[in-house]
Amino acid sequence: MSDFLGWIATLPAWLQIILVIVAFLAVIGFLLFFIEIAPRTGRRYTVIRLAVCVLVPLLAMLFLGSVFWAALIAAVLGGGFFLLDYRSRQGAGYLFQLVGFLAPAVILLAIGLVYPTIGTTIQAFQDNRSRDFVGFDNFIWIFTQPYGIRVVVNTIVWVLIVPTLSTIFGLAYAAFIDKSRGEKIFKALVFMPMAISFVGASIIWKFVYDAKPVGDAQIGLLNQIVVWFGGEPVYWLQNSPWNTFFLIVVLIWIQTGFAMVILSAAIKGVPAEQLEAAELDGTNAWQRFMNVTVPGIRSSLIVVLTTISIASLKVFDIVRTMTAGTNETSVIANEMYTQWKGFETGRSAAFAVVLFLLVMPIIIYNARQIKKQREIR
Amino acid sequence: MTAPAGIVTAKRGVAGRILDFFGKGVVNIVLVIVAVFWLVPTIGLFLSSLRSSVDNSHSGWWTVFTRPAQLTIENYSNLLGNAQFMGSFLNTIEITVPATVLVVVIGALAGYAFAWIRFPGRDWLLVVVIVLLAVPLQVSLIPIAKLYGDIGLFGSVVGVILFHTAYGLPFAIFLLRNFFTQIPGEMLEAARIDGAGEWRIFSRIILPLGLPAIASLSIFQFLWTWNDMLVALIFTNATSQPVTVAIQSQLRQFGANIDILSAGAFLSMIVPLVVFFAFQRYFVSALLAGSTK
């Protein structure tokens, strides 16, 4: 606005007057349009409304040169029409309340999630300046380079190992701890890493993995143990491919507590009669566990597995903090950041899209399982 | 042992109880070993933070047990005098508190609308919200960074708060809507007949009854925001960075500044740990609510 006024001030006086009058008339016309024409019903008015909804954002895009402003104007216009339309049907109070309750969430979601998701998808098909479309080049770059393949493979290794081991450990711990003494304290100890940030956890484990040259005093616990047993200190985070597994240990350390808490609650929900009936049939503890308890907590197992899978797919902080992706430990989320830092927005966006595509089936599977479960109930 | 364990231990006193505790057989021993394994890394960091930098670079933290004299709170006093670090600590609070409050308020409003206000397209909008649950935060970073650059929010605390708020919303709406729908509809009907408007119903019935879910959500959102690094790494600069980013940037010279790192990391963990242990009940119930619904 101030730019506009400043620009007007540089023009000759007569032009200024005309421009101000035109602007004034435009504003009046706009208001009239909203008050008078917009709320009317009838086909002609619907067409006018549609045209305005499309044309005004287009004009805004031409003059202001910004997709963001055009989208904003389109949203405001569309929202305005929607409101006026419903105002006539439901009464002013209803509409006011509905908007009051929903608008903040809808606006934030639209700008924070919907718009960027679309934007990133488009950028994934553009060059590093987001100007020209390059087709699938960015994706081809990821999947033809040894380094890019390595990144994707690492991510898949994370997703295969972390959920499996965390769930097995969590389930075993939950089963052993059930009805034992000090259950609450033991649970809290294992669950505690959930409250620690990934960065904090990474620092904790960096201390554990620290390595000093042979002969020097070790300050990392793991190497000290190796030395105590007469071995030579190992550079845990440098030797590929094992370094990825040492990073994975950190996430397992964090997620086991989550699995344990959920599964422990589920185990308590398994009907005691079923277990007693199985016991009367002469089964041993292991058979009871595998044939009664595990099927009884199936839905919780799925939730735990899917939740941890998603967390492992998105893992960033641990890799960034501990190795920054060096020595072939990089994962998709980390590579996305690295490419972005290196001004390769196209490649970075392509990594983000790959991540989204990998997360999507897990969520769909989870949602379908939950729906199925509800139908049974 | 025929008598119930509780009665026996009550007679035997503390020492007896400890014996009893470990006398429960292999299971307890295994549990203790696992718990210790889970705890040792954290204890290691804590003890390192209580040693001088010279000690930390020349010997492991376990030497504390043989030479307790090396313990010092010097690192913490240094850290409290470090303006940059304390600034980042304040930034974390400045980011976390508004981001939590905003998510809870906006999420509760929308959750109520989804649960109890009839409007066209409600189910579709809810499906959109659930799909948005799947969007990884990474997808939004580049366009939002560009947007913030255009409107001058880049590098500011406000930008980080808004981002966290937007990303907290799908889960907040999902959780609160599910909880709010379980509130008996007759109560709301009665209030409507008495002439209460939506806002009155929301503040007098929904909020008090929904308090457990709101408490769970607050804790979740608080921990997520407090522990975040990626969002802050991209959207903040040297003056607005939170403590996670400050610690991460110290890592480049790992070894040279173990004292700052360990004390800083531990300091940054204290707040979430206190929140976690104080509200553990709500935290667990939120996990369960999110999983079984």
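Is Phe235(B) buried or exposed, and what is its relative accessible area? In this predicted model, Phe235(B) is buried, with a relative accessible area of 0%. Phe154(B) sits in the loop between α7 (138–151) and α8 (157–181) of chain B, while Phe235(B) belongs to helix α12 (residues 230–235) of chain B, so the pair links parts of the chain that are 81 residues apart.

Over all chains, the count comes to 31 aromatic pairs. Another edge-to-face example joins Phe316(A) and Tyr337(A), at 5.6 Å centre to centre and 65° between the planes. Because Phe316(A) lies in the loop between α14 (298–313) and α15 (317–322) of chain A and Tyr337(A) in helix α16 (residues 332–341) of chain A, this pair ties together parts 21 residues apart in sequence. Both Phe316(A) and Tyr337(A) are buried. Also in chain A, ring pairs link Trp205(A), Tyr209(A), Trp236(A), Phe246(A) and Trp253(A) into a cluster.

Turning to the interface, 87 residues of chain A are in contact with 95 residues of chain B. About 7,900 Å² is buried between the two chains, and carbon and sulfur atoms give 80% of this area. Phe101(A), Arg181(A) and Phe207(A) supply 11% of the area that chain A buries against chain B, more than any other three residues. Helix α5 (residues 92–123) of chain A contributes the largest share of the side of chain A that touches chain B, with 21 residues. By class, that side has 59 nonpolar, 19 polar and 9 charged residues. Between the chains there are 0 salt bridges, whereas 7 residue pairs are in polar contact across the interface.

Note on methods
Residues numbered from 1 in each chain as written. Chains lettered and ligands numbered in written order. Predicted model: local features only at pLDDT ≥ 70, side-chain atom pairs only at ≥ 80, totals over all residues. Heavy atoms only, no water. Contact = heavy atoms within 4.5 Å. Buried area = accessible area lost by both parts, 1.4 Å probe. Salt bridge = Lys/Arg side-chain N within 4 Å of Asp/Glu carboxyl O. Polar contact = N/O pair within 3.5 Å; in protein donor to acceptor, adjacent residues only side chain to side chain. Helix = DSSP H or I, 4+ residues; strand = E, 2+ residues; numbered from the N terminus. Nonpolar A, V, L, I, M, F, W, Y, C, P; charged D, E, K, R; others polar. Phe/Tyr/Trp six-rings, centres within 6.5 Å; stacked < 30°, edge-to-face > 60°. Buried < 20%, exposed > 50% of the residue type's maximum accessible area, 1.4 Å probe, protein only.
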